[in-house]
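Please look over the annotated site and the interface between the two chains. The briefing below takes them in that order.

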Amino acid sequence: MSAVVTASATSRMTAEYVNPVIAATRTVFSTMLNATATRTGLSLRSDPSEVSQPSSGVSAVIGLSGQAAGTLVLNLTSSTAIEILHRLVGAEVTQVNSEVCDAVGEVTNMIAGHAKAQLAKYSLLISIPNVVSGDDHTVHFPSNVIPMVLSFDSDLGPFTIEVGFSNLPVK
Amino acid sequence: MKVLLVDDSGTMRTIQKRCLNKLNVNDIVEAEDGVQALAAFEAHTFDIVLSDWNMPNMDGLTLLKEIRQRNTTIPIIMITTEAERARVVLAIQAGVSDYLVKPFTPDGLRDKLERWVGCHV
């Protein structure tokens, strides 16, 4: 019985932060990029070995702190990242450079910021985004966090958002 | 009209700068954080400050307080992802003149900036 209660509480808390992230992603893509982001998948990285799966393209990482601690990672293919810069400022580039990374970081900042506004009761603060790029890079979550993986498709190309909290309190 | 534009994202500064240019505002000094911005503020005379909140070295709220200690009347507009009521109240208490939440539409940015710079150009 307690296991059922625990699972139910976990699902509720997960939905509590995943839904704002999904809504924020759609809002940022439509408002800033004139694009439609459609969620195509939602999974839990239950296998610890999956957490360290390498990514390619560009990943932007933002930490959330306050009455809960979490991490949000936006991972895009290089072509999607380049298209984000193009949509934001019209720049035409052929490969990922500092401008592309800056644009991806700013989009991630807006997604995290918009989502945290829906989680105001946790008094969250967001960090400055860190952006990494290249083939086979890996973003590690804390060992006690099993992130949710949100897969999206969009006019700009596919992308994923991974988000996880280590100590989301019951409120 | 001379504008101090503060944001750690070059992409965001470009978006705002182009909007200002369309409003015939071309005298713009850019800063990447509060420290750079405060140095620029002490070196030049500005008509308006546009500032992000979350930045390295010195954040926008601290910058706002620092500028208000030096100038109580200059318009300071925060353009930021910080949308929670408690955060907006902090900015108001520190003396912000206006507030625009990211993400914004092109029209939303233009309307906000035009309201403050339009009467000066």
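Asp52(B) carries the UniProt annotation "modified residue: 4-aspartylphosphate", from an unreviewed entry; UniProt positions follow the numbering used here, feature names are shortened, and annotations may be inferred rather than shown by experiment. The model is predicted: local features need pLDDT of at least 70, side-chain atom pairs count only at pLDDT 80 or more, and totals for chains, interfaces and linings use all residues. Residues are numbered from 1 along each chain as its sequence is written, and chains are lettered from A and ligands numbered from 1 in the order in which they are written.

**Annotated site**
- Asp52(B) sits in the loop between strand S3 (48–51) and helix H3 (60–70) of chain B (DSSP runs numbered from the N terminus; helices are H or I of at least four residues, strands E of at least two).
- Asp52(B) counts as buried because it has 29 C-beta neighbours inside 10 Å (the cut-off is 20 or more other C-beta atoms within 10 Å, with C-beta atoms placed from the backbone).
- Leaving aside residues up to four places away in sequence, Asp52(B) touches Val6(B), Asp7(B), Asp8(B), Met12(B), Gly60(B), Ile79(B) and Thr80(B) (contact means C-beta atoms, placed from the backbone, within 7 Å).

**Chain A with chain B**
- In the interface, 17 residues of chain B contact 19 residues of chain A.
- Helix H4 (residues 98–117) of chain A packs against helix H1 (residues 10–22) of chain B at about 85°, with axes 7 Å apart (axes are lines fitted to C-alpha atoms, for helices over the stretch in contact, and angles run from 0 to 180 degrees between N-to-C directions).
- H4(A) and H1(B) are therefore roughly perpendicular (65 to 115 degrees).
- Glu99(A), Asp102(A), Ala103(A) and Glu106(A) of H4(A) meet Gly10(B), Thr11(B) and Met12(B) of H1(B).

Technical notes
Buried ≥ 20, exposed ≤ 12 C-beta atoms within 10 Å, placed from the backbone. Contact = placed C-beta atoms within 7 Å. Parallel < 35°, antiparallel > 145°, perpendicular 65-115°, else oblique.
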